[in-house]
Amino acid sequence: MSGEGVLSAREARRIALAAQGFAAPRPSGPVGPARLRRAIDALGVVQIDSVNVVTRTHYMPLFSRLGAYPREALETLAWGKRPALFEYWGHEASLLPLATQPLLRWRMQDAREGVGAWKGIARFMREHPALLADALAQIEARGPLSAGELELGTKGRGGWWGWSDAKRAVECLFWSGALTTQTRRRTFERVYGLPDKVLPKAISAVATPPREEAQRALIRIAAAAQGVATARDLGDYFRMGPQETRARIAELVEAGELQPVAVDGWGQPAFLHPDARRPRRITANALLSPFDNLIWFRERTERLFGVRVRLEIYTPAHKRTHGYYVLPFLQGEAITARVDLKADRQAGVLLVQAAHAEPDATTATPELLAAELRLMAEWLGLADVRAQPSGDLAPTLSLALSAA
């Protein structure tokens, strides 16, 4: 520490990277389910997204931290016969450890009552009680079903209000806690089941904690997963409102469970987890999904790394700066490059559609990035990596890839 209650920007960055699992070396041997569970427990939550340009994003954070692992092992943890994870709105749509389920029941209640952003869900539920009862009755009688398998209402045209009646019904029941995800089809279609039949009895039997207690627990998880964080960082991790976040932080500070600190250059008060590791050096190399926990809150990313990361999927192609599905490259303690990737499964190639260097790039960046791209290609079952001549890093990256 550079002073009493003060962290340098570099110290804060190392603490954050360590909390996110980047201080430990990757396993040298096979990665089994227990190792995956420990990594997910440390993160607290893994965001889900349906975009499959490279691989769906929930597979990526574990690869970034652990290297190549069997993706089916994560699927078993999430949707197997004895799941260790469940789906809900944690940080956006997410996979979370089962122990977190009781901590989010207040949010399910908010959805039922139409609190805050859940007004549309509650309104639909009030206006269509027979539709919801019919959906529940069919799943009770027939077992887990997708929206398309329900014999219910009219077909839709896409989008929330263009969804079919069945899809709107099961989504409302999902967000309000009356249904949960039993599994996912290969098409990523959600299959809904009754919580009492999908979740372990040990979880269903846990008494629902008071709202404030549950929120304090979520802030604890967020603080442990970030190491050092502002109030906005802590609230964003589980998408909690600013007023409730500030109140829970104050309670944890008073209890000695969070330590107020200042971080040079942050311009906002910060809070240090008492068990946060403070490594002297970080040597990890990792490609980061745009939805990775380390960088998903763009304001925090810019504070930590001095890099402005933006998702350009919904930006018209001619207005994109770095590409469609762009993965930043973490090199040690800095983000040194970005690559726009696409898995061309038919050709068996991981395609680097563009490669751009960041100000902290070094002469070693192309070689280190090439090694990580080769590892990713092997993990995805692709035979080769090819870089197109787009971006200022593309020429040296192409040379590094051809040197293998």
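Guide: Helices (H or I, at least four residues) and strands (E, at least two) are DSSP runs, numbered from the N terminus. The model before us is predicted: local features need pLDDT of at least 70, side-chain atom pairs count only at pLDDT 80 or more, and totals for chains, interfaces and linings use all residues. Residues are numbered from 1 along each chain as its sequence is written, and side-chain values use heavy atoms, with hydrogens and water left out.

Visitor: How many helices and strands does the protein have?

Guide: There are 16 helices and 15 strands in the protein.

Visitor: What radius of gyration does the protein have?

Guide: The radius is taken over C-alpha atoms, and the globule rule is 2.2 Å times the number of residues to the power 0.38. For 404 residues, a compact globule would have a radius of gyration near 22 Å, and the protein agrees because its own value is 22 Å. The C-alpha trace spans about 65 × 55 × 45 Å along the principal axes.

Visitor: Which residues of H1 are buried?

Guide: Buried means under 20% relative accessible area, exposed over 50%, and partly exposed in between (1.4 Å probe, protein chains only). In the protein, 55% of the 404 residues are buried. H1 (residues 9-19) is mostly covered, with 8 of its 11 residues buried. These are Ala12, Arg13, Arg14, Ile15, Ala16, Leu17, Ala18 and Ala19. Just after H1, Gly21 takes a positive phi of about 95°.

Visitor: Is Arg14 buried or exposed?

Guide: Arg14 counts as buried because its relative accessibility is 16%. For its surroundings, two terms are needed. Contact means heavy atoms within 4.5 Å. A polar contact is a pair of N or O atoms within 3.5 Å; within protein, one must be able to donate a hydrogen and the other to accept it, and residues adjacent in sequence count only if both atoms are side-chain atoms. Leaving aside residues up to four places away in sequence, Arg14 touches Pro279, Arg280, Arg281, Ile282 and Glu333. With Glu333 there is a polar contact between the two side chains, at 2.9 Å.

Visitor: Which strand is joined to S3 by 6 bridges?

Guide: Two strands pair if DSSP finds at least two bridges between them. S3 is joined by 6 bridges to strand S4 (residues 92-97), and the two run antiparallel. They form a hairpin with 1 residue between them. At that end, Gly90 has Glu92 in S4 as its bridge partner. Strand S3 (residues 85-90) is largely enclosed by the rest of the structure, because 5 of its 6 residues are buried.

Visitor: Which order do the strands have in the open sheet of 3 strands?

Guide: The order is S5-S7-S6, with antiparallel pairing. Strand S5 (145-146) and strand S6 (180-184) are the edge strands, each pairing on one side only. S5 pairs with strand S7 (residues 190-193) over 2 bridges, and Leu145 stands opposite Tyr192 in S7.

Visitor: What is the phi of Glu92?

Guide: Most residues other than glycine have a negative phi. Glu92, in strand S4, has a positive value near 60°. Glu92 counts as partly exposed because its relative accessibility is 25%.

Visitor: Where is Arg239 placed?

Guide: Arg239 is in the loop between helix H12 (231-237) and helix H13 (242-254). Although not a glycine, Arg239 has a positive phi of about 55°. With a relative accessible area of 31%, Arg239 is partly exposed.
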